[in-house]
Amino acid sequence: MHPVVNHLIQLQELALIRDEQKVAAQGQHLQQLDASIKSMTGKLPTDTRIMYERLTKRDPIVVSAISDSHCSVCGMRLAISFIQSVRQAREVLACPNCARMLYYPESRVRTVTKAQRRTAPRKVGISRFSSHALMIPRLAATTKDEAIHEIGMKLAEEGFVDNGEKLIEEALRREAILSTAVEHGMAFPHVRGVEGGGLALALGVSENGIDFGSATKGNKTRFIFFLAIPVAASAFYLKLLAGLTETFMNPDNRKALLVPQDPEALWKVLVKVTRSTIK
Ligand SMILES: [Zn+2]
């Protein structure tokens, strides 16, 4: 990968973390994130910086992975020779359609799209990207790393992603930048850039709570949502985060989610409590 593209990916991640903090953490850490973004932007070569600043006016997604010969954000099909040039990474190349800067991912986690029967009823709400098979009502994990491992492996075992170990590794890397724990006992570890299918969400509940990092001021984390997010679903992911935060502000909903002992029951409660907040 071109070093400038690598720098841009980190910069993009910081801008997206900034948006997450605004939505789910009442704007905590914004000053610190702004300072990091400013300093990283200043280190870009002038021509890239101009391009970056123009792109971020429109959208925080400025870098796009090539996935199955297409720009994974806008879906533009790219010529083989062009893909080769991106892969060789001698220069920074932009998508001819959406102008985002492209890179060729060497090894990545991919979501596995499950073929839905045409006769199956259209899914709504949280059912569009999760399922009873992705619910863990009683996590065995007692630490943050164990919890991410346990839920991440669930996403792989149930066939939602193709590489559980890689997913976990990337989620831990994201967590190291800034804890995803927020108020009301929630955390949302995630991996972005998981292409191939749609967004996938798994939930693990810890009855005794887990220490998920400094952001929670000593409060234990009980509800851990692990998300695999295609880049194109980034804006939707923020809406989802806002919906979950709204759900968890209600103490009755939090109480209800601690009760179920089996995945089916937890799934039923999750569907019920998110009915009005996740469309
Ligand atoms: Zn594009």
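Reader: How is the confidence to be read, and where is it lowest and highest in the protein chain?

Author: pLDDT is the predictor's confidence in each residue, from 0 to 100. Where pLDDT is low, the predicted coordinates should not be read in detail. The protein chain has an average pLDDT of 89, and 94% of the residues score at least 70. Confidence is lowest in helix 1, with a mean of 89, and highest in strand 4 (residues 135–136), at 98. Helices (H or I, at least four residues) and strands (E, at least two) are DSSP runs, numbered from the N terminus.

Reader: Which domains does the domain assignment give?

Author: Domain bounds come from an automatic or database domain assignment. Here the assignment gives domain 1 (3–103) and domain 2 (125–274). Their C-alpha centres lie 25 Å apart. Two residues are in contact if their C-beta atoms, placed from the backbone, lie within 7 Å. By that criterion, 16 residues of domain 1 are in contact with 14 residues of domain 2. On the side of domain 1 that touches domain 2, helix 1 and strand 1 each supply at least two residues. Helix 1 gives the most to that side, with seven residues.

Reader: How should I read a sheet, and what is the order of the three strands in the open sheet?

Author: Strands of a sheet pair through backbone hydrogen bonds, either parallel or antiparallel. Two strands count as paired if DSSP finds at least two bridges between them. The open sheet of three strands has the order 2-1-3, with mixed pairing. Its edge strands are strand 2 (70–71) and strand 3 (101–103), each of which pairs on one side only. Strand 1 (residues 63–67) and strand 3 pair in the parallel sense over three bridges. In strand 3, Tyr-103 is the bridge partner of Ala-65. Helix 1 (residues 3–24) packs on the sheet and touches strand 1 and strand 3, and its direction makes about 115° with that of strand 1. For such angles, axes are lines fitted to C-alpha atoms, for helices over the stretch in contact, and angles run from 0 to 180 degrees between N-to-C directions.

Reader: In which sense do strand 1 and strand 2 run?

Author: They run antiparallel, joined by two bridges. Ser-67 stands opposite His-70 in strand 2. The hairpin of these strands has two residues between them, and Asp-68 there takes a positive phi near 50°. Asp-68 is a residue other than glycine.

Reader: Is Asp-68 buried or exposed?

Author: A residue is buried if 20 or more other C-beta atoms lie within 10 Å of its own, exposed if 12 or fewer, and partly exposed in between, with C-beta atoms placed from the backbone. Asp-68 is exposed, because 9 other C-beta atoms lie within 10 Å. Strand 1, by contrast, has four of its five residues buried, so it is largely enclosed by the rest of the structure. Ala-89, in the loop between helix 4 (80–88) and strand 3, is partly exposed, with 17 other C-beta atoms within 10 Å. Phi of Ala-89 is positive, near 55°.

Reader: How many residues has the largest nonpolar core?

Author: A nonpolar core is a set of buried Ala, Val, Leu, Ile, Met, Phe, Trp, Tyr and Cys residues joined through C-beta atoms within 7 Å. The largest has 50 residues, and those with the most contacts inside it include Leu-155, Phe-225 and Ala-228. Among the elements that give two or more residues to this core are helix 5 (144–157), strand 7 (200–210) and strand 8 (221–229). Strand 8 provides the largest share, seven residues. Apart from its neighbours within four places in sequence, Phe-225 is in contact with Phe-188, Leu-201, Leu-203 and Leu-244. A second, separate core of 16 residues includes Tyr-52, Ile-61, Ala-65 and Cys-95.

Reader: Where is the place of Thr-274?

Author: Thr-274 lies in helix 9. Thr-274 counts as buried because it has 21 C-beta neighbours inside 10 Å. Leaving aside neighbours within four places in sequence, Thr-274 is in contact with Gly-125, Ile-126, Gly-243 and Thr-247.

How values were computed. Residues numbered from 1 in each chain as written. Predicted model: local features only at pLDDT ≥ 70, side-chain atom pairs only at ≥ 80, totals over all residues.
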